[in-house]
Amino acid sequence: MLETLLPILIFAALALAVIGAWRRIRLWRQGRPAEVDLLRGLAAMPRRYLVDLHHVVGRDKVMSNTHVATAGGFVAAAVLMILVHGLGLANPVLGGLLLAASATMFVGSLFVAKRRRNPPARLSRGPWMRLPKSLMAFSLSVFLITLPTVGVLPQDAGSWVLALILSAVLVWGLGEMVFGMTWGGPMKHAFAGALHLAFHRRPERFSTKSGGEGRSTGLKALNLDDPDAKLGVETPSDFTWNQLLGFDACVQCGRCEAVCPAFAAGQPLNPKKLIQDMVVGLAGGSDAHYAGSPYPGKPVGEHAGTPHGPIVAREGKALVDAETLWSCTTCRACVEECPMMIEHVDAIVDMRRFLTLEHGNTPNKGAEVLDNLIATDNPGGFDPGSRLHWAADLNLPLMADVKQAEVLLWLGDGAFDMRNQRTLRALVKVLRAAEVEFAVLGIEERDSGDVARRLGDEATFQSLARRNIATLAKYRFQRIVTCDPHSFHVLGNEYGELGGPDFNANYEVRHHSTYIAELFEAGRLHFAPWKGGSVTYHDPCYLGRYNGEYEAPRNVLKALGIEVKEMERSGFRSRCCGGGGGAPITDIPGERRIPDMRMNDVKQTGAELVAVGCPQCTAMLEGVVDATAEVRDIAELVADALVARPAAAVVDAAANKTTAEEVS
């Protein structure tokens with residue numbers, strides 16, 4: 001009886017899965033076109049799934065191994081089941097392999113069941129709670145049905161009643177594992193997730209020539225010269241089709257939710273819920289069936305939408321409220337933790353672009369800041385001619401006068417901030433101590449455009465960027481050095497798309513901590529032993545997660561004789577200070593402040609001082625009331641520790657200079 005039923009059940013499930021896949025693909029294809037190498041993506045998919053995701057999935061060792069057992073066991077069992085029971089290629093070897101695969105899957109499902117007995121708050125419930133039972137139903141039924149194939153049981157073992165029971169259990173398993181994979185349900189991520197990796201919006205994030213993870217964090221530019229192009233994303237169908245595919249790949253694990261600073265602060269943002277709202281809009285409907293944590297302060301069931309309807313509506317129900325989008329600090333903690341490599345920040349900025357460019361709907365001081373950038377080239381609305389007033393006594397060389405230098409010192413808009421002026425003065429002192437030939441642009445320097453771009457004003461960003469690019473092209477220098485990670489990121493990763501392929505080939509961009517570390521390694525800086533108190537270090541988001549620089553700042557602190565007392569959330573899991581993405585400007589209220597939470601992290605280390613490497617981090621952390629630790633920029637710590645070069649070092653430097661002149 002089973003010999004007759006099994007092929008029917010298996011191929012019926014496969015046929016329904018194919019129909020479901022076609023329906024799903026049609027939903028994704030509602031999005032805008034995207035340039036994707038389909039064949040190369042499909043060819044790269046196995047490696048991306050099995051190798052390139054390991055550094056993210058492997059952070060949770062137990063669930064990583066559980067996933068290997070369940071997913072690997074399922075794939076192997078499904079293929080072997082088709083061969084053995086679907087096509088009738090029954091033999092002891094294939095049967096034995098099928099038993100091993102289904103047993104492995106069953107063991108993995110036991111760990112899934114254990115996880116679901118008392119799941120973490122970040123995990124979605126609802127249909128996901130039935131997943132362990134479905135995994136067990138599939139693996140156990142396949143295992144029992146295969147026993148006669150390997151001779152463990154006779155071919156006619158059991159009655160027709162037992163055969164029907166096993167078939168029913170198998171149907172349950174097939175329905176979830178195969179049919180549900182394309183029609184919806186907890187296993188949907190397996191189908192959409194695999195294709196998302198193949199057709200990822202940023203394929204450069206995967207393996208590079210060096211064999212490591214690529215880093216692609218710069219926002220994509222809008223083509224403002226195309227009169228037919230929509231400025232940003234108004235409806236779900238305005239996303240590219242592979243972005244919609246990426247949203248559909250969400251496994252609802254909630255890792256993004258667990259690390260989101262806005263969610264932790266009680267602001268109306270949950271990155272997992274945001275992605276699921278986009279999935280709702282993809283097919284049309286409401287969020288009434290969402291089974292995870294809601295946006296803080298916003299009950300589930302209030303949002304609805306359609307593929308071609310507005311995501312943010314001015315009246316009535318919408319997929320997302322505007323304040324949800326403006327709560328994001330663009331820290332990329334969600335993207336860093338996502339095991340499916342979904343690009344949450346790209347989507348948020350795309351939606352902000354429409355609100356800003358089409359509706360001029362930027363909350364609180366957003367409109368004022370953007371107007372200031374247009375009128376004065378800086379967000380504070382200061383007189384551009386006052387950019388160097390803080391340095392009147394420093395006699396800084398101007399690029400307009402010297403024409404070329406070893407280093408172009410990019411001041412950033414911290415030049416208008418009295419607190420950051422102390423950091424800049426310290427950095428100038430360090431550069432002069434190392435005898436670095438540097439110059440500044442002075443009044444020729446404009447805002448990098450970072451704030452405008454994160455607030456969605458792509459037009460102002462591109463205007464500022466193109467004028468800065470034209471200014472930089474007039475002079476010769478080896479590298480740009482800046483103490484602002486936001487300027488560092490924009491100059492190094494986002495100007496290139498506007499300045500042509502040779503833009504970033506002409507020079508290097510360095511964060512000041514990286515450059516100071518290089519100067520110390522070259523023997524150009526010497527420090528007195530550290531005599532201060534205990535120190536911790538706060539990783540700026542735009543230096544760490546955006547650009548992968550974690551070691552240089554710590555190396556500088558180590559060179560000063562400081563042993564860093566690491567916070568629990570440091571490195572790639574560092575908690576955002578709350579200063580990025582224009583968040584202090586839009587100022588969406590929550591239950592608590594993000595910088596207060598970060599300073600509480602500092603307090604837990606017992607450190608008396610927190611070292612930083614970003615003017616926005618400095619401003620946010622120093623704004624915390626009753627802080628237990630002093631906030632100092634790395635440049636300030638280095639400047640305070642400077643000592644004259646030992647006599648022997650001076651003699652060696654002079655000898656090296658003489659030798660170099662003789663050789664030339």
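Residues are numbered from 1 along each chain as its sequence is written, and side-chain values use heavy atoms, with hydrogens and water left out. Because the model is predicted, local features need pLDDT of at least 70 and side-chain atom pairs count only at pLDDT 80 or more, whereas totals for chains, interfaces and linings use all residues.

View 1. Helices are DSSP runs (H or I, at least four residues), numbered from the N terminus. H4 covers residues 61–86, 26 residues in all. From first to last C-alpha it reaches 35 Å, close to the expected 38 Å (1.5 Å times one less than the number of residues). At Leu80, H4 bends by about 25° (the angle between axes fitted to the seven residues ending there and the seven starting there). After H4 comes Gly88, which has a positive phi near 75°.

**View 2. The packing of H9 against H12.** The axes of H9 (residues 241–248) and H12 (residues 271–283) come within 8 Å and cross at roughly 120°. Axes are lines fitted to C-alpha atoms over the stretch in contact, and angles run from 0 to 180 degrees between N-to-C directions. The crossing is left-handed, a term for a near helix turned anticlockwise from the far one by less than a right angle. Leu244, Phe247 and Asp248 of H9 are in contact with Ile275, Met278, Val279 and Leu282 of H12 (heavy atoms within 4.5 Å). These residues comprise six nonpolar, no polar and one charged. Ala, Val, Leu, Ile, Met, Phe, Trp, Tyr, Cys and Pro count as nonpolar, Asp, Glu, Lys and Arg as charged, and the others, Gly among them, as polar.

**View 3. The packing of H12 against H15.** H12 meets H15 (residues 344–357) at an angle of about 65°, with the axes 11 Å apart. The two helices are therefore roughly perpendicular (65 to 115 degrees). Their crossing is left-handed. Pro271, Leu274, Ile275 and Met278 of H12 face His344, Ile348 and Met351 of H15. This contact has six nonpolar residues, one polar and no charged.

**View 4. The packing of H24 against H28.** H24 (residues 551–559) and H28 (residues 634–641) pack at about 25°, their axes 10 Å apart. They are therefore roughly parallel (angles under 35 degrees). The crossing is left-handed. Pro553, Val556 and Leu557 of H24 touch Ile634, Leu637 and Val638 of H28, and the contact divides into six nonpolar, no polar and no charged residues.

Key: Parallel < 35°, antiparallel > 145°, perpendicular 65-115°, else oblique.
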